[in-house]
Amino acid sequence: MEPSSPRNFPGQALPPAYLTPGSSSFTDFLRSAAPELMPGYSEHSEGRVEAPHGTTIVALTFRGGVLLAGDRRATMGNLIAQRDMEKVYVTDDYSAVGIAGTAGIALEMVRLYSIELEHYEKLEGVRLSLDGKANKLATMLRGNLQGAIAGLAVLPLFAGYDTEADDPERAGRIVTYDITGGRYNETGGYHAVGSGSVFAKSALKKRHDPDADLDSAIRNAVEALYDAADDDTATGGPDLSRRIYPSVVTITGPEGAVRLSEEQAASVAEDVVNRRREIPGG
Amino acid sequence: MTMPFYTSPEQLMRERSELARKGIARGRSVVVLKYAGGVLFVAENPSTTLHKISEIYDRIGFAAVGRYSEFENLRMAGIRMADVKGYSYDRRDVTGRALANAYAQTLGAIFTEQVKPFEVEICVGEVGSTAEFDQLYRLTYDGSIVDEPQYVVMGGQAETITTALKQSFTEGLELRDAIATAIRALSSDGESSRELGVGQLEVAVLERSRPHRTFRRISGAALRELLPGSGESGSGEQSASAPGGDESGAGGDVAQGDR
């Protein structure tokens, strides 16, 4: 017998699919119960569309945590599509994801991803492990392979704090992905994705200090983003006149994942810009 | 030729009600009440993993008594419904009222159509922007829905506890007093000498002041500090709200991004 018959109570009672025990994954449930809501499920037709692209994201570890920072620019060809786009997202208490690539698809992926994490946590009563979270993102990325072939690629950068790590000082983790969903643990302690990533990574290679404290890590991230913006037109530097500053999310054991307030970001960014007035190379 | 047994609908309903009522009364009780900072859930539950109280969504909590497998099923369905709705529209569009309605319809359908009704009683609590908008919905096995103004008592010796709570409850209690009131009522069932300690209690709140996900479990040391007779040091709330100490969200400003 059916658990209930929605025929008699149109639009109100919970449909049978909702009452069927099954996966704790929101994506899996959505795919079976409401496939029309799944992002990117339709087959792509020939031809290409022009869509806004997000650009540079950097991640680096420090003593006691990890941080993720991104510039705010989205570009479409040679145009700036958006000046103040948010590309770094807190996905749960101890993780954050930064996105580069086709903005619309990436935003939808992150939204679904954070619901996925929350859904699992609510149903199971415990959080996913750090590796579980990282693998889930790989699976979602793999789901967009068709889109990537059609030119709508997305490249996330995952940062998380491993609450089960032996050494809380070294519990910050960075996970990188390739476009086919390949997942790689970044052991070097820093990474960057997006169009300006080459320059950001070169800057971080010189600056990164695994024993740095939170403040100098934030400073290093903003410096790296400045370097990326310096040499890559698609990356936006701190825009002091419009008050648009890089967005930074820090993840530590006691605080969890928190976004740096606008004032703090402003003071770091202004500091960096002022210093560069004297020494343009940093 | 065999004739099916005829049972009058009236008798059928009565028998089903009786079955459900008996099942619900066998378990231990849950008290849900409004307090100054939001909604408080207190359950007598020795298990630390099989919860009677749960988070559904940002501002919505769930408490249930009766048969675990059945209310667990409803809890899961509620979380799915809330998450699907929040994903397809916006987080603000998920309301306790819609959820309570869906539960009522589902329980009603099961009660009339199935051989055995669900032996459960549910409370859906929602914390609003001000105390005036806090909601408590009580849902019974037959799909009845009641909007309770102050508190909900379910399961076990519900009537005795309700009587006790009626005398001691006042509006706008602080968390510490609200917990004390709830525990005093819970321990007054039958032999009034029972003492409920941290090990027998499951406590959670929907806290108005928390951003994003308002649900927070209070357990262990944080709960011990809030229990009656623990002194008025009052730092319990602080220690419990650090991420990792409970199951609730700390930041989660993805929602701000798509709001």
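Of the 58 residues in the largest nonpolar core, A:F158, B:I56 and B:Y103 touch the most other members. Such a core is a set of buried Ala, Val, Leu, Ile, Met, Phe, Trp, Tyr and Cys residues joined through side-chain atoms within 4.5 Å, and buried means under 20% relative accessible area (exposed is over 50%, partly exposed in between; 1.4 Å probe, protein chains only). This is a predicted model, where local features need pLDDT of at least 70 and side-chain atom pairs count only at pLDDT 80 or more. Residues are numbered from 1 along each chain, chains are lettered from A, and side-chain values use heavy atoms, without hydrogens and water.

- A second, separate core has 28 residues, including B:V42 and B:L223.
- Beyond its neighbours within four places in sequence, B:Y103 is in contact (heavy atoms within 4.5 Å) with A:L14, and with chain B residues including B:I56 and B:L74.

**Helix α2 of chain B**
- This helix (a DSSP run of H or I, at least four residues, numbered from the N terminus) covers residues 68–88 and reaches 30 Å from its first C-alpha to its last.
- Most of α2(B) is covered, with 16 of its 21 residues buried.

**Chain A**
- Chain A has 8 helices and 13 strands (strands are DSSP runs of E, at least two residues).
- Of its 282 residues, 53% count as buried.
- A:I179 sits in the loop between β9 (172–177) and β10 (183–186) of chain A, and is partly exposed because its relative accessible area is 37%.

Technical notes. The expected span of a helix is 1.5 Å times one less than its number of residues.
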